[in-house]
Amino acid sequence: MNTLFALLKKNSRQYGMVIALAAAMILFGYLTGGVLFRPVNLTNLVLQNSYVLVLAIGMLLCILTGNVDLSVGSVVAFVGAVSAVMMVDCHMNSFFAMILALLVGAAIGAWQGFWIAYIKVPAFIVTLAGMLIFRGLAQVILKGQSKGPFPKVFQLLSSGYIPDPLGGLVISEKTKFHLLTIVIGLVLTGLFILSEIKKRKKQKEYNFDLLPPGIWALKITCISAVIMAFMLVFAVYRGLPNILVLLGILVAFYHFITSRTVQGRHIYALGGNMKAAKLSGVKTERVMFWVYTNMGIISALAGMVFAARLNVATPKAGQSFELDAIAACYIGGASTTGGIGTVIGAIVGGLFMGVLNNGMSIMGVSIDWQQAIKGFVLLGAVAFDLYSKARSGSEGGFSFKRLFGKN
């Protein structure tokens, strides 16, 4: 037990938010009489927060460089408006229109990245200007009105579910499992166990510190059980939503980029210490440019997901999405000064906020109180980040001892 507590203390930033998410789900599951864990509610939880989770992945890269992007909500509205014009007014093929919309997002990101990386205008100013520009352009394109509905194929991006070619598993008249979802869950669980075994074997070869066998086995068992539990919940309803599959692909791709590639290490190096990174040969301007170009593409994708969910493009779309995405990253353990944070952490932070929203809505808590509580959570997460830095000796951090005048 002492080893377990020592492990949690040593990795408080990594495990803290996961434990908080589990605690929040258990708490709201109890307070809502189990409504939170109903298959239809968990599915809606994913669908309602999908665009914020998508945005959080791109926003994390911006935060890793020590900046944020305040324009993503406006880009969501602008790309939704462009998509509506292409598909509704011009009757363009949905797949072709989606590719063009992603290119529009890339152009927007490149535009902002150019000013930030090469002209050295602060990212806060550039993206604040982008917030005003693209919100205004969305109003101009839509002429202040909503435009829809979208073609059925496009709607499936956000509201569709994967088919079940295996035919399903019938337990009773009222209980039928989506068999392909269960098979995907088993495959994911198997891949997770194999990766953990491979990781432990490599750690042993390089004489790294290893978890005690009992705790290692407990960790694998718990995570495998969680994966299968969620897959069974989705399987009972209608299977995996298309947007969850897309989100899983994005998480796997960006987790690989940030943790296994040279480009990912350059982003962390840029956020950790820009001057040192530049002296080490990192082309900091190029890295910054591509980070914001990527944010534009991600924003365009989120814009299409949101428009597909509403089945209409509206100039009011995406309001406060930038704040939700930034909050998800900080709550998920990203550092306010850059250089620290993970894609998985940002997703966990976004899910934590989604559970708070969903749980409080089921309980009938007013929107005003929901906003206030989320604000307290964000403040606590950032304070915890600063406290962790101060405890580990980082410069400029907050210290409770200093606050109370103790040496």
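Asn 294 touches Gly 58, Leu 61 and Tyr 254, not counting residues up to four places away in sequence; contact here means heavy atoms within 4.5 Å. The model is predicted: local features need pLDDT of at least 70 and side-chain atom pairs count only at pLDDT 80 or more, while totals for chains, interfaces and linings use all residues. Residues are numbered from 1 along each chain as its sequence is written, and side-chain values use heavy atoms, with hydrogens and water left out.

**Asn 294**

- Asn 294 is part of helix α13, which covers residues 284-310; helices (H or I, at least four residues) and strands (E, at least two) are DSSP runs, numbered from the N terminus.
- Asn 294 counts as buried because its relative accessibility is 14%, where buried means under 20% relative accessible area, exposed over 50%, and partly exposed in between (1.4 Å probe, protein chains only).
- The side chains of Asn 294 and Tyr 254 are joined by a polar contact of 2.4 Å.
- A polar contact is a pair of N or O atoms within 3.5 Å; within protein, one must be able to donate a hydrogen and the other to accept it, and residues adjacent in sequence count only if both atoms are side-chain atoms.

**Cavity**

- One cavity of 30 Å³ or more is found in a search of the whole structure.
- The search uses a 1 Å grid over the protein atoms alone: a cavity is a set of points where a 1.4 Å probe fits but cannot get out, a pocket is an open set with protein on both sides within 12 Å along at least five of seven lines, and lining residues have an atom within 4 Å of a point.
- Grid points are joined across faces, edges and corners, and a volume is the space filled by probe spheres set on the points.
- The largest cavity holds about 40 Å³ of space, and its lining includes Val 76, Gly 80, Phe 306 and Thr 314.
- The elements giving two or more residues to this lining are α4 (72-89) and α13, and α4 provides the largest share, four residues.
- The lining of the largest cavity comprises eight nonpolar, three polar and no charged residues, with Ala, Val, Leu, Ile, Met, Phe, Trp, Tyr, Cys and Pro counted as nonpolar, Asp, Glu, Lys and Arg as charged, and the others, Gly among them, as polar.

**Second largest pocket**

- The second largest pocket has a volume of about 620 Å³.
- Of the 23 residues lining this pocket, Asp 324, Met 353, Asn 357, Gln 371 and Lys 374 are the closest to its centre.
- At least two lining residues come from each of α3 (39-64), α14 (321-331), α15 (343-363) and α16 (367-391).
- The lining of the second largest pocket divides into nine nonpolar, 12 polar and two charged residues.

- Cys 329 is in no disulfide, and the nearest cysteine sulfur, that of Cys 62, is 8.7 Å away.
- Cys 329 counts as buried, at 1% relative accessibility.

**Backbone geometry in loops**

- The peptide bond from Gly 148 to Pro 149 is cis, with omega near -5 degrees; Pro 149 lies in the loop between α6 (123-142) and α7 (152-159).
- Lys 143 lies in the loop between α6 and α7, has a positive phi of about 55 degrees although it is not a glycine, and is exposed at 70% relative accessibility.
- Asn 207, in the loop between α8 (179-205) and α9 (213-236), has a positive phi near 60 degrees and is exposed, with a relative accessible area of 69%.

Definitions and conventions: A disulfide is a pair of cysteine sulfur atoms within 2.5 Å.
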